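Here's a quick tour of the model on your screen. Have a look at it first, then read on.

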Amino acid sequence: MGAENTANLMEDFTSAGRGNGKNPGGMVRAFCKKHRICVSCRHRWTERGTTRCGRCNRVHAQYQKSLLRRNYERDVKAGICVRCHKRPATPTNKRCQKCQDRHASQKRLSKRGSLPRSPQPVGEGKGS
Ligand SMILES: [Zn+2]
Ligand SMILES: [Zn+2]
């Protein structure tokens, strides 16, 4: 196991793939997946079960998180349901009525079993 080994593979790939590259991006991805090279940096081996190395997986997770958070805040500001991002939220909640109903039924279910995640306080009384 060495980080340098990917360089040889990539050299192979670039010389072989020249000429018929209609979709080079997709080909590189497929190549990396096949040889377990990180599709993001292409310098390290992938983590087991993923298409990225440990470092890129972490960066990607952070990025996804910030993206989610941004979406959440944007939806709250726009008065859109933070769950489905489609229907307008109700004035008393950050979710639309439909998602609230679903959430309520999930709450009822989780009372019997274990909670899938820690409950978050819902901001109430704002903008009333
Ligand atoms: Zn990487
Ligand atoms: Zn909704």
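## Contacts along the chain

Let's start with how far apart in sequence the contacting residues sit. Among contacts in the chain with a separation of 6 or more, 12% are between residues 24 or more positions apart. Here, two residues are in contact if their C-beta atoms, placed from the backbone, lie within 7 Å.

A word on ground rules: this is a predicted model, where local features need pLDDT of at least 70 and side-chain atom pairs count only at pLDDT 80 or more, while totals for chains, interfaces and linings use all residues. Residues are numbered from 1 along each chain as its sequence is written, and chains are lettered from A and ligands numbered from 1 in the order in which they are written.

The chain has four helices and zero strands, so its elements read α-α-α-α from the N terminus on (DSSP runs numbered from the N terminus: helices are H or I with at least four residues, strands E with at least two).

## Two loop residues with positive phi

Arg-36 isn't a glycine, yet its phi is positive, near 60°. You'll find Arg-36 in the loop between α2 (24–35) and α3 (54–78). Arg-36 counts as partly exposed because 15 other C-beta atoms lie within 10 Å.

His-85, also not a glycine, has a positive phi of about 60°. His-85 sits in the loop between α3 and α4 (97–112). With 14 other C-beta atoms within 10 Å, His-85 is partly exposed.

Terms used
Buried ≥ 20, exposed ≤ 12 C-beta atoms within 10 Å, placed from the backbone.
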